[in-house]
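Subject: Handing over a structure

Hi there,

Here is the structure I promised to pass on to you. Please have a look first, and then read on for what turned up in it.

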Amino acid sequence: MQVRYPKLTIALIVFLVCALPSVVVGFDGLSRPYDAIPDQDLLWLSEALRLARGVAPSYADHPGAFWSIIFRINLKLLKVLLPSVSLIDSRESLTLVGAHLLVLVARIQNTLIASVVGPLVFLVTKQLQFRTPVAFFAAIAVAWSSGTLVSVSKVRHEVVSLVFILLSLAVFSDLIRRKKSQRYLPNSLIWIIPLSLFFAAI
């Protein structure tokens, strides 16, 4: 007798199995000092300050100015949530505490972003009508790969681009499936959603 599991149970299992390695690696790397090794943390900090002063970002990478804007938003939120903490000094430069908090928050956000890569691979694979075991192992292969896990604790654009691409594929696949099954909404503007997601990834 074949046991059938509810879709919600399968989705929960996939999410936990695929998200767990990214969460473990990401939170293990939170204690790494922001200036311990050469990476882009200092770059995002400087870009956040540029935006705070009303100056356009100076660094163009895929997908666009994602992390520059996120760091700027984080700076604003930290000012509101932690009014007693000195984030910027009198010279309009970040304090050591401010730099540490901004990088810490961004690493948590990057961990959460990386943790959805595996579940998105599962979703896209299922929408392409692969069997559940094939979709499950494809998701695990990506979620547990060294490429994904290395990108978790380092705030980069690559994993963000991957998430945008997977989202665009998921939406495209769903719209095509709805059109074939006569459940497609006859509004051409709806295609702007996957197209926007795709161009946000490049």
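One term to start with: contact here means heavy atoms within 4.5 Å. Helices are DSSP runs (H or I, at least four residues), numbered from the N terminus. Please keep in mind that this is a predicted model, in which local features need pLDDT of at least 70 and side-chain atom pairs count only at pLDDT 80 or more, while totals for chains, interfaces and linings use all residues. Residues are numbered from 1 along each chain as its sequence is written, and side-chain values use heavy atoms, with hydrogens and water left out.

Let's begin with helix 3 and helix 4. From helix 3, Phe66, Trp67, Ile70, Phe71, Asn74, Leu75 and Leu78 meet Leu101, Leu102, Val103, Val105, Ala106, Gln109, Asn110 and Ile113 of helix 4. By class, this contact has 12 nonpolar, three polar and no charged residues (Ala, Val, Leu, Ile, Met, Phe, Trp, Tyr, Cys and Pro count as nonpolar, Asp, Glu, Lys and Arg as charged, and the others, Gly among them, as polar). The two axes come within 10 Å and cross at roughly 125° (axes are lines fitted to C-alpha atoms over the stretch in contact, with angles from 0 to 180 degrees between N-to-C directions). That makes helix 3 oblique to helix 4; angles under 35 degrees count as roughly parallel, over 145 as roughly antiparallel, 65 to 115 as roughly perpendicular and the rest as oblique.

Helix 1 and helix 6 pack at an angle of about 15°, their axes 9 Å apart, and are therefore roughly parallel. Ile10, Val14, Val17, Cys18, Pro21 and Ser22 of helix 1 touch Thr132, Phe136, Ala139, Ile140 and Ala143 of helix 6. Nine of these residues are nonpolar, two are polar and none is charged.

Now for the core. The largest nonpolar core has 37 residues, and Leu45, Trp67, Phe71 and Leu102 have the most contacts inside it. Such a core is a set of buried Ala, Val, Leu, Ile, Met, Phe, Trp, Tyr and Cys residues joined through side-chain atoms within 4.5 Å. Helix 4 gives the largest share of this core, seven residues.

Finally, a loop residue: Gln129 lies between helix 5 and helix 6. Gln129 has a positive phi of about 70° although it is not a glycine. Is Gln129 buried or exposed? Gln129 is exposed, with a relative accessible area of 71% (buried means under 20%, exposed over 50%, partly exposed in between, with a 1.4 Å probe and protein chains only).

Best wishes

Notes. Helix = DSSP H or I, 4+ residues; strand = E, 2+ residues; numbered from the N terminus.
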